[in-house]
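Good morning, and thank you for coming.

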Amino acid sequence: MSLLRTHELVVIGGGPAGLSAAIYATRAGLTPIVIESGSFGGQISTTDEVDNYPGLDNVGGVELGERMRAHAERLGTEFSYDAIKSIELDAGTATFRLQGEESYEASAVVYAAGASPRKAGFVGENAYLGRGVSYCATCDGMFYRGKQVFVVGGGNTACEEATYLARLAEKVTLLVRKDHLRAMSSLANSVLENPKIEVRYLTSIVELRGREGAVTSLPDTIVLSVGEAGATPHIEELSFAPGSFGVFVAVGREPRSELVSDLVDLDADGYVLTNDSMETRTPGLFCAGDVRTKPLRQVVTAASDGAIAAVSAATYLSRL
């Protein structure tokens, strides 16, 4: 049976929101613990370059995440590498059960678990995951150096992925389901002006195919649904040598809100609803970062959320 460890504040998630919360919590005199099941830095650790964080232009995503973690650690934050299994409330105290050996108890919680990549839904997406399908260009782009790649999506992330992959791949084809790009103008322009990127509108992937019955095979055929104004979409099949092309899916994120779904209010897409103080409907539970409803999801807004959540948590604890 695991030992129950008691903390004033538990922060779930080691991305910019969670690390910012830890920094502000320690500065407020608290002793938080940050629990993260993956890599500290969250989504920015998969970003090659961050050029919109004030004062740190063109900093690597891994470097920025490490700087934030080191800052929190220097101020006295404790860290745990584990995954939350369940969250229970007992008379106003949040008790956290981890998938590992330890259990934690805290009077206040900052939930900053972030979001996961959303799947495109084409046939073969799951079957070829890691063998032709990826959700992270900076993680897997090197495997497609000199090859052809397809990027699915038309928003900011898709344009960023396409621009990054253009440095490595022979050709990048951006498949956009709508008839326009939804990305901010600077990102859209960088894609449209790049000679190595082709943008195909009204186009989506129907299926990826490889050798029938070969579980470990690589895809060799991509089946596209191609639309035309005023006409029924037609099917187009493109064939390649196995392993000579890849598909990068960038169609948005799914909030990791399932652990708190019974304790908070959610919007139609599953994001947590909070007030401006990052408070939820459960006293003592605060949410910050990409897991909550907000108009802009960037490193700077996640850090801002975390700072506000920590200060709100400190105020809440002072009144107990």
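At what angle do the axes of helix α4 and helix α5 cross? This is a predicted model, in which local features need pLDDT of at least 70, side-chain atom pairs count only at pLDDT 80 or more, and totals for chains, interfaces and linings use all residues. Residues are numbered from 1 along each chain as its sequence is written, and side-chain values use heavy atoms, with hydrogens and water left out.

To the question, then. The axes of α4 (residues 156-165) and α5 (residues 185-192) cross at roughly 35 degrees and come within 9 Å. Axes here are lines fitted to C-alpha atoms, for helices over the stretch in contact, with angles from 0 to 180 degrees between N-to-C directions. Helices (H or I, at least four residues) and strands (E, at least two) are DSSP runs, numbered from the N terminus. The crossing is left-handed, that is, the near helix is turned anticlockwise from the far one by less than a right angle. From α4, the contact (heavy atoms within 4.5 Å) involves N156, C159, E160 and T163, and from α5 it involves L187, A188, S190 and V191.

Which residues of α4 are buried? They are A158, C159, E161, A162, Y164 and L165, where buried means under 20% relative accessible area with a 1.4 Å probe, protein chains only. These buried residues pack against α5 and also against α3 (137-140), β9 (148-152), β10 (171-176), β11 (197-201) and β15 (245-249).

I turn to the sheet. Three strands, in the order β12-β13-β14, form an open antiparallel sheet. Its edge strands, β12 (203-209) and β14 (231-239), each pair on one side only. From one strand to the next, the twist averages 20 degrees. Between β12 and β13 (residues 221-228) there are six bridges; two strands pair if DSSP finds at least two. L208 stands opposite I222 of β13.

Finally, the cores: sets of buried Ala, Val, Leu, Ile, Met, Phe, Trp, Tyr and Cys residues joined through side-chain atoms within 4.5 Å. The largest has 31 residues, and L9, L64 and V110 have the most contacts inside it. Helix α6 (299-318) is among the elements supplying at least two residues, and its seven are the largest share. Beyond its neighbours within four places in sequence, V110 touches L9, V10, V11, I12, A21, F286, A288 and A309. A second, separate core of 24 residues includes A158, A162, V172 and F248.

Notes. Buried means under 20% relative accessible area, exposed over 50%, partly exposed in between (1.4 Å probe, protein chains only).
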